[in-house]
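Dear colleague,

I am passing on a structure that you have not worked with before, and I would be grateful if you could look through it. My notes on what was found follow below it.

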Amino acid sequence: MLTAYTSDEIRTAERVLIERLPEGTLMGRAATGLAIACARALPRVYGSRVVLLAGGGDNGGDTLYAGALLARRGARVHAVLAGSRAHEGGLAALRRAGGRILDLRGAPEPGPAVTDLVGAADLLLDGLVGIGGTGALREPYATLAGLASGAPGVVVAVDVPSGVDASTGEVAGDAVRVHLTVTFGAAKTGLLIDPGASHVGTLHTVDIGIGPHLPEPGVAALGAADVTGLLPRPGAKSDKYRRGVVGVVAGSDRFTGAAVLAVGGAVRAGAGLVRFASAAEPVRQVRARWPEAVTKIVTPEEGVRETGRVQAWVVGPGMGTGDEAFALARSVLDSDVPVLVDADGLTLCARDRSLLRRAAPTLITPHAGELGRLLGVSVAEVEARRLRHARRAADELGVTVLLKGSTTLVAQAGMPVRVNTTGTPWLATGGTGDVLAGIAGAYLAAGLSCYDAASCAAYMHGLAARVAAGGPEGGEAPIAALDVALGLPEAIRRLTAPARG
Ligand SMILES: NC(=O)C1=CN([C@@H]2O[C@H](COP(=O)(O)OP(=O)(O)OC[C@H]3O[C@@H](n4cnc5c(N)ncnc54)[C@H](OP(=O)(O)O)[C@@H]3O)[C@@H](O)[C@H]2O)[C@@H](O)CC1
Ligand SMILES: [K+]
């Protein structure tokens, strides 16, 4: 499991060690780890052109010390000093190692000399600001961030890509986009959450010894072993009921595709049985595509009360948002089993949030627009502050929240927010959310908590999409939502196969 921390949590942990260790020890560890990672990112160090963008704080200090180490290995190192001051120890070390200095202090903008240096660099280090950065980058940092993002060489962020809020992933103005982020001590929360996460490239953590002093994490990402341990698997005594019966209420006479996809997600994720309840046309479509499902035509008046016993419900995809859909959704939410609410179901809940007040656990799976409607804020506001809004929704609505997006978040009051790391841009296509709802529903019915079901479903959904998009000889191709459902068995096989070798 990858755990991540806010800037304050990192600083508190660092303080314990700073008091115990000789001055400069932590920065020495950070700079050494940074220089090693940079050397690995280059075909060879000797003769390489290295440019350091150094701010006035300790982030600039790390960068200058690492530059000195690279210069001692034969790199041609130029430091661009961009802050109103420069880290004295780092600057002296770089000078002693033969590095050159371009001092921008007092200059309103970087100028052509910097543009030329950046354009010719094999390796560019972004050491403008780290965990001490606040708000939008000021000049000349903002212009330098733009230059760095477009640099032709390998761009490495020191601790945090400058302009990304290390604690939240928020990006208030310009921010550097890098190939590699070398972060110190532990991952920062903002490196895992968009929009910041999309600036990070590959994330590499340098151990500087603060691990034992870190608190419980506020954010975590499940790894393959965690998901393997959580995934429901049938045992010798399992039958279809013990594996979990999931009920799906989806589709309408106008929209049938979402129903087929949600049922497909549940079937392929390993539900013991899928009961599908809806209007006549989606029932016909589901029967044609998934003969494994037990189907029933229901009316809004009777609801799902006579549908047969289920261990969890999925309600919402393609069901419409009118009064009849509302009545049907209410009958599902009146039940005493866990319910996953998705898509149109969320629009209905935004109309009457009391639908979500129930004794049994509830999982909602909104995208930013749906969450915005539930919270009464704009989609842009949710996108800009995803962590805050996912947490707020979990607290205010008393439910587990799976916020979809390029990095999916799972929030539940009192628990670390889980970030999914398996997503792929190929998933950004219609209907994949319906498949996700089906997968999570199957896991809920198997007995996983809303929190684990949502996290595992997001993980397997991303992995299945990668399986579906990837070819045996490498390369990737566009996928349709049904391909994600069909990719699930192979994804589960790959995850649960004993390690080779
Ligand atoms: N603590 C430790 O033991 C260890 C810490 N380590 C390293 O220290 C880093 C933290 O160093 P830090 O605290 O000096 O802050 P840092 O990130 O350099 O930023 C401060 C500078 O940024 C500036 N600035 C801020 N916002 C800005 C903006 N929007 N736009 C423009 N400028 C802005 C601010 O300017 P000012 O406000 O003073 O004008 C100030 O000059 C950490 O990330 C890691 O790399 C490692 O060595 C391991 C051990
Ligand atoms: K930085």
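The mean pLDDT of the chain, which is the predictor's confidence in each residue on a scale from 0 to 100, is 96, and 99% of the residues reach 70 or more. The model scores ipTM 0.98 and pTM 0.96. Please keep in mind that this is a predicted model, in which local features need pLDDT of at least 70 and side-chain atom pairs count only at pLDDT 80 or more, while totals for chains, interfaces and linings use all residues. Residues are numbered from 1 along each chain as its sequence is written, and chains are lettered from A and ligands numbered from 1 in the order in which they are written.

The domain assignment, whose bounds come from an automatic or database source, divides the chain into domain 1 (2-221) and domain 2 (241-495). Their centres, taken over C-alpha atoms, are separated by 40 Å. Across the boundary, 13 residues of domain 1 are in contact (C-beta atoms, placed from the backbone, within 7 Å) with 14 residues of domain 2. The side of domain 1 that touches domain 2 has seven nonpolar, four polar and two charged residues, where Ala, Val, Leu, Ile, Met, Phe, Trp, Tyr, Cys and Pro count as nonpolar, Asp, Glu, Lys and Arg as charged, and the others, Gly among them, as polar.

Ligand 1 is surrounded by 30 residues (a residue is near it if its C-beta atom, placed from the backbone, lies within 6 Å), and the closest are Gly57, Asp58, Asn59, Gly130 and Gly132. Helices and strands here are DSSP runs, of at least four residues (H or I) and at least two (E) respectively, numbered from the N terminus. Two or more residues of the shell come from each of helix H1 (7-20), helix H2 (25-41) and helix H3 (58-72), and H3 gives the largest share, four residues. By class, the shell divides into twelve nonpolar, twelve polar and six charged residues.

Turning to the strands, two of them pair if DSSP finds at least two bridges between them. An open sheet of twelve strands, with mixed pairing, runs in the order E8-E1-E10-E19-E18-E17-E16-E15-E14-E11-E12-E13, and its edge strands, E8 (187-188) and E13 (294-297), each pair on one side only. Strand E12 (residues 273-278) and E13 pair in the parallel sense over four bridges, with Val294 in E13 as the bridge partner of Arg275. Strand E2 (residues 49-54) and E3 also pair in the parallel sense, over six bridges. Five of the six residues of E3 (residues 76-81) are buried (20 or more other C-beta atoms within 10 Å, against 12 or fewer for exposed and in between for partly exposed, with C-beta atoms placed from the backbone), so E3 is largely enclosed by the rest of the structure.

Most residues other than glycine have a negative phi, and most peptide bonds are trans. The peptide bond from Glu139 to Pro140 is cis, with omega near 0 degrees, and a cis peptide bond also joins Asp194 and Pro195, with omega about 5 degrees. Asp159, in the loop between strand E6 (154-158) and strand E7 (180-184), has a positive phi near 70 degrees and counts as buried, with 29 C-beta neighbours inside 10 Å.

With best wishes

Notes
Two residues are in contact if their C-beta atoms, placed from the backbone, lie within 7 Å.
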